[in-house]
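Please keep the sequence and the model at hand.

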Amino acid sequence: MSPWRMTRWERGGLSPGADGDSGEPATSADGPQRRHEALVSVRLGRSAPGSHLVEYLRHEPCAVDAWWLAADVDAVIRLAADSVTVLHRAVADLRLRAGVEVAEANYILRALDLGAAADARPTANRCFAGELEHLGR
């Protein structure tokens, strides 16, 4: 059966936290595998209780983390899978089976390097100061 038509139980195998929940890609004999991840903002339908979503996520093999929010959405869910197709299917399943009225997926491309920002700041200030001197200020 193609991954697009798989049920959440057929996608199963190891859950996304089974490799130590380190956030690092799972490894195999061929080297590290790329993990595809998404942050999905969801709004529940009027008649869908939050407990239904929680119970669904407990059995969803792609669900890694979830948070209730005080915002224009009800929750944000972090999903992870070894293939993009499986990840897309997990997002679609939220809409179809979890009582979610709106599911907006934001697919994670790569992490930002926040350590380099401190080194770049003095250079930017020197450039700005040089422009001020050039303008006669």
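Which residue forms a salt bridge with Arg78, with the closest N and O atoms 2.6 Å apart? Glu37 does. A salt bridge here is a side-chain nitrogen of Lys or Arg within 4 Å of a carboxyl oxygen of Asp or Glu.

## Basis of the model

This is a predicted model: local features need pLDDT of at least 70, side-chain atom pairs count only at pLDDT 80 or more, and totals for chains, interfaces and linings use all residues. Residues are numbered from 1 along each chain as its sequence is written, and side-chain values use heavy atoms, with hydrogens and water left out.

## Salt bridges

The structure holds six salt bridges. Glu37 sits in strand S3 and Arg78 in strand S5, so their pair ties together parts that are 41 residues apart in sequence. Helices (H or I, at least four residues) and strands (E, at least two) are DSSP runs, numbered from the N terminus. Glu37 is buried, at 16% relative accessible area. Buried means under 20% relative accessible area, exposed over 50%, and partly exposed in between (1.4 Å probe, protein chains only).

Arg78 also meets Asp65 in a salt bridge, at 2.9 Å from N to O. Asp65 lies in strand S4 (residues 63-68), so this pair with Arg78 of S5 ties together parts 13 residues apart in sequence. Asp65 is partly exposed, at 32%.

Another pair stays within helix H2: Arg58 and Glu55 are three residues apart, about one turn of the helix. Their closest N and O atoms are 3.4 Å apart. Arg58 is exposed at 61%; Glu55 is partly exposed at 38%.

## Nonpolar core

The largest nonpolar core has 21 residues. Such a core is a set of buried Ala, Val, Leu, Ile, Met, Phe, Trp, Tyr and Cys residues joined through side-chain atoms within 4.5 Å. Val40, Val42, Leu53, Ile77, Leu79, Leu94 and Val100 touch the most other members. Strands S3 (36-44), S5 (75-81) and S6 (100-108) and helices H2 (50-59) and H3 (84-97) each supply at least two residues. H3 gives the largest share, five residues.

Leu94 touches residues including Val40, Leu53, Tyr56, Ile77 and Val100 (heavy atoms within 4.5 Å). Residues up to four places away in sequence are not counted.
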